[in-house]
Amino acid sequence: MPFVFKRLVLVLSIAAAWAADKETPFKAQPAANYPAHQSVEKITVAVDPYTHSDELKIAFGKLDPNEHGVLPVLVVIQNDTDKTLRLTGLKVEYMGPNRERVEATPARDVRYLRPPQRPNMIPGPGSKVKVLKTKKNPLDAWEIEGRAFAAQMLPPGNSASGFFYFQTILQPKATIYLSGMVEAATNKEILYFEVPVQ
């Protein structure tokens, strides 16, 4: 009986932990619901810079990329055309108020933006050196790559969303510039999008 009881407690604790983790799952809204959106030829693009602690906690947990000089910007693309869009050449840039451009840092490279820390060492007895554990790089979190924009194709009537990461801070009158979307069948490039973020 104790063995069965222990198994039951284990199963219930795992279920409780899983349910607690799923209380506020991250999910993007439809593109038209965001204040910063633009529509061109039945394609709607929305952008949302994440700087507030509540939204950051839902998307990134305990990590705040802004504290490490990284601005995460959620991009949502809604395709209401009757054509499939190819997004492999999508280029996203942050333009500050003085028109200076910052290209998005690939999600796989964000972890390298923080230089490695030298391990702390303390002298021990007998002239031996003890190496203390170094802290984990906070930018090496699964959420950075796991929540990044990854769509390659966007079929008609569907939407795609994900984060792009910029090495900057959010500035007044900044815009996000998107280009490189093409119709998959004809290879015709879609007009660019320039969406103000504030």
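A pocket is an open set of points on a 1 Å grid over the protein atoms alone, with protein on both sides within 12 Å along at least five of seven lines, and its lining residues have an atom within 4 Å of a point. A volume is the space filled by probe spheres set on the points. This is a predicted model, in which local features need pLDDT of at least 70 and side-chain atom pairs count only at pLDDT 80 or more, while totals for chains, interfaces and linings use all residues. Residues are numbered from 1 along each chain as its sequence is written.

The largest pocket holds about 460 Å³ of space. Its lining comprises 21 residues, and Leu 90, Pro 106, Ala 107, Phe 149 and Phe 164 are the closest to its centre. Strands S5 (91-95) and S10 (159-166) each give two or more residues to this lining. Strands here are DSSP runs (E, at least two residues), numbered from the N terminus.

S10 also pairs with strand S3 (residues 71-79); two strands pair if DSSP finds at least two bridges between them. Nine of the nine residues of S3 are buried, so this strand is largely enclosed by the rest of the structure. Buried means under 20% relative accessible area (1.4 Å probe, protein chains only). Leu 71 and Val 73 are among the buried residues on one side of S3, and Pro 72 and Leu 74 among those on the other.

| Strands | Bridges |
|---|---|
| S2 (residues 43-49) and S3 | Seven bridges |
| S3 and S10 | Eight bridges |
| S4 (residues 85-86) and S9 | Two bridges |

Ile 43 stands opposite Asn 79 in S3, and Leu 74 opposite Phe 163 in S10.

Terms used. Side-chain values use heavy atoms; hydrogens and water are left out. Helices (H or I, at least four residues) and strands (E, at least two) are DSSP runs, numbered from the N terminus. On a 1 Å grid over the protein atoms alone, a cavity is a set of points where a 1.4 Å probe fits but cannot get out, and a pocket is an open set with protein on both sides within 12 Å along at least five of seven lines; lining residues have an atom within 4 Å of a point. Buried means under 20% relative accessible area, exposed over 50%, partly exposed in between (1.4 Å probe, protein chains only).
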